[in-house]
Amino acid sequence: MKAILVNDDHTLRWDNVPDPVPGERDVLIEIHYAALNRADLMQRAGDYPPPPGSPEWMGLEVSGYIRAMGDIAAKESAWNIGDAVCALLGGGGYAEYVTVPYDMLMPVPAGRTLAEAAAMPEAYCTAYLNLFREGQARAGDTLLVHAGASGLASVIIPMAKAFGLRVITTVRRKDAADRIASLGADIVVDTSVTDIRDILREQLALGTPVSIAIDCLGGAEMGACLPYLAHGARWIMIAALAGTLTEIDLKNIYVRNVRIIGSTLRSRTPAFKAKLIAELVRVVWPMVENGQIPAVIHGIYPITKAELAQQIMQDGGHQGKLVLQVR
C-alpha cells in the first residue's frame, strides 16, 4: 500500500510501505478520508513521535470500511466486515489502510458523510475529554477556548453550547470573528484589537467569570489571565503554540484554588481511550446526528496534496477541519 512519508528535508511524499496485518484484537480499515491535526505538524517536525507500535507516518483519525478482522475482534465486538466506521489512531492515518484495535472504532453518525466522520474521532474525543473529564463542565459554567477558528474549537464551541455552557473564544483578526459566528460562542474576542485580560476582568466583575479554559496557545498571556478566573477554575493546557514559558502568581493559584492541568489525548492508555470513545458515542453521537453539534470542514484535499493541506493549517486563517481524501 501507499502512505505519506516524511523526507529528510521534512517535505512529504506518497510512497510504498508494507501492508498492515491486523492482530487478533484489530480490524483492518480501508481508509477513504483522514483528517489533519496540529499533532501532525509536530510529528512531521520531529517533535511528537508516535506511540510504540504505531506506524511512523502521520494521521490520528480516519474514516472508511472494515475489510478484515482479527479472531478476537470478530468474536468479541459487534463490528462486521463492510461496516462504515471512523477511528481514533495512535498514528498511521495518512495511508490506504490501517489496523486499529476494535474498541477504537466509532460508527459513522447517521446523516453524516465519511468525510465528516473522518474529522470527528480525535477532535471530538479531545473536546469531550477536556470539557467533561478534565474540566468537569456543568451547565452554566463559562468556558474560555482560544483559537476559535481552529478545527478543535469548531467542535468544542458547539459541544459546550449543547451542554449549556457560556462560551468566550478568541481569534486573531476580524474576518475570523465573522466566519465563526455560526458556532454560537457568546463572546468572540478579536485579540488584535482587544486584550483578553480586559474581557476576563469584566466577566469577573459581572459575576460570570471563566471557570474552565482550554488553552492551545500558552505563552506570556496564559499567566497574565489567571488572576481573573473563578474560584476553583480549571485552566487546561493542551498545547503551547504561543510559547512554552509564562509567569504565574503562585499565591493567586493557591488562595483561589485555581488548577492548571496538562492534557493530551495521544498519551492516554488504550483502556482509557476505549472508555472515552464508548462514552462519547453514547452521550454525544445523538447530538451530532440531530445537528446540535455540527461537523465543520474547511476543505477536502487529495492525499497527494497533504503538504498543501498542512501548510494551510500552519498558516492559519481557515475555519474548521482539514480533510484528506484517499479514495
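**Figure 1. Burial of helix α5 in the predicted model.** In this predicted model, helix α5, which spans residues 153-162, is mostly covered, with eight of its ten residues buried. The buried residues are Ala153, Ser154, Val155, Ile156, Ile157, Pro158, Met159 and Ala160. The elements that cover these buried residues include helix α4 and the strands β8, β9 (166-171) and β11 (210-215). Helix α5 is followed by glycine 164, whose phi is positive, near 90 degrees.

Figure 2. Three aromatic pairs are found when the whole structure is searched. In the pair formed by tyrosine 128 and phenylalanine 132, the ring centres lie 5.0 Å apart and the planes meet at 45 degrees, so the pair is tilted, given that planes under 30 degrees apart would count as stacked and those over 60 as edge-to-face. Both residues belong to helix α4 (residues 121-134), where tyrosine 128 and phenylalanine 132 are four residues apart, about one turn of the helix. Tyrosine 128 counts as buried because its relative accessibility is 5%, and phenylalanine 132 is also buried, with a relative accessible area of 18%, each value being under the 20% cut-off. Together with Phe163, the residues Tyr128 and Phe132 form one aromatic cluster.

**Figure 3. Packing of helix α4 against helix α10.** Helix α4 and helix α10 (residues 270-283) pack at an angle of about 90 degrees, and their axes are 10 Å apart. This angle makes α4 roughly perpendicular to α10, since values from 65 to 115 degrees are placed in that class. On the α4 side the contact is made by Tyr124, Cys125, Tyr128, Leu129 and Arg133, and on the α10 side by Phe272, Lys275, Leu276, Ile277, Glu279, Leu280 and Val283. Sorted by class, the contact of α4 with α10 comprises nine nonpolar residues and three charged residues, with no polar residues.

**Figure 4. Arginine side chains over aromatic rings.** The charged end of arginine 266 sits over the ring of tyrosine 48, at 4.8 Å from the ring centre. Arginine 268 lies over the face of phenylalanine 272, where the distance to the ring centre is 5.0 Å.

**Figure 5. Loop residues with positive phi.** Most residues other than glycine have a negative phi. Glutamine 136, although not a glycine, has a positive phi near 50 degrees, and this residue lies in the loop between α4 and β8 (142-145). Asparagine 257, likewise not a glycine, has a positive phi of about 55 degrees and is found in the loop between α9 (250-255) and β13 (259-262). With a relative accessible area of 42%, asparagine 257 is partly exposed.

**Figure 6. Surroundings of isoleucine 187.** Isoleucine 187 lies in strand β10, which covers residues 187-190, and is partly exposed, with a relative accessible area of 21%. When its neighbours within four places in sequence are left aside, isoleucine 187 is in contact with Arg166, Val167, Ile168, Thr169, Ile199 and Gln203. Aspartate 175 is twelve residues from isoleucine 187 in sequence, and the two are 15 Å apart in space, C-alpha to C-alpha.

Key:
Residues are numbered from 1 along each chain as its sequence is written. This is a predicted model: local features need pLDDT of at least 70, side-chain atom pairs count only at pLDDT 80 or more; totals for chains, interfaces and linings use all residues. Side-chain values use heavy atoms; hydrogens and water are left out. Rings of Phe, Tyr and Trp (its six-membered ring) pair if their centres lie within 6.5 Å; planes under 30 degrees apart count as stacked, over 60 as edge-to-face and the rest as tilted. Helices (H or I, at least four residues) and strands (E, at least two) are DSSP runs, numbered from the N terminus. Buried means under 20% relative accessible area, exposed over 50%, partly exposed in between (1.4 Å probe, protein chains only). A charge sits over a ring if NZ of Lys or CZ of Arg is within 6 Å of the ring centre and within 35 degrees of the ring normal. Axes are lines fitted to C-alpha atoms, for helices over the stretch in contact, and angles run from 0 to 180 degrees between N-to-C directions. Angles under 35 degrees count as roughly parallel, over 145 as roughly antiparallel, 65 to 115 as roughly perpendicular and the rest as oblique. Contact means heavy atoms within 4.5 Å. Ala, Val, Leu, Ile, Met, Phe, Trp, Tyr, Cys and Pro count as nonpolar, Asp, Glu, Lys and Arg as charged, and the others, Gly among them, as polar.
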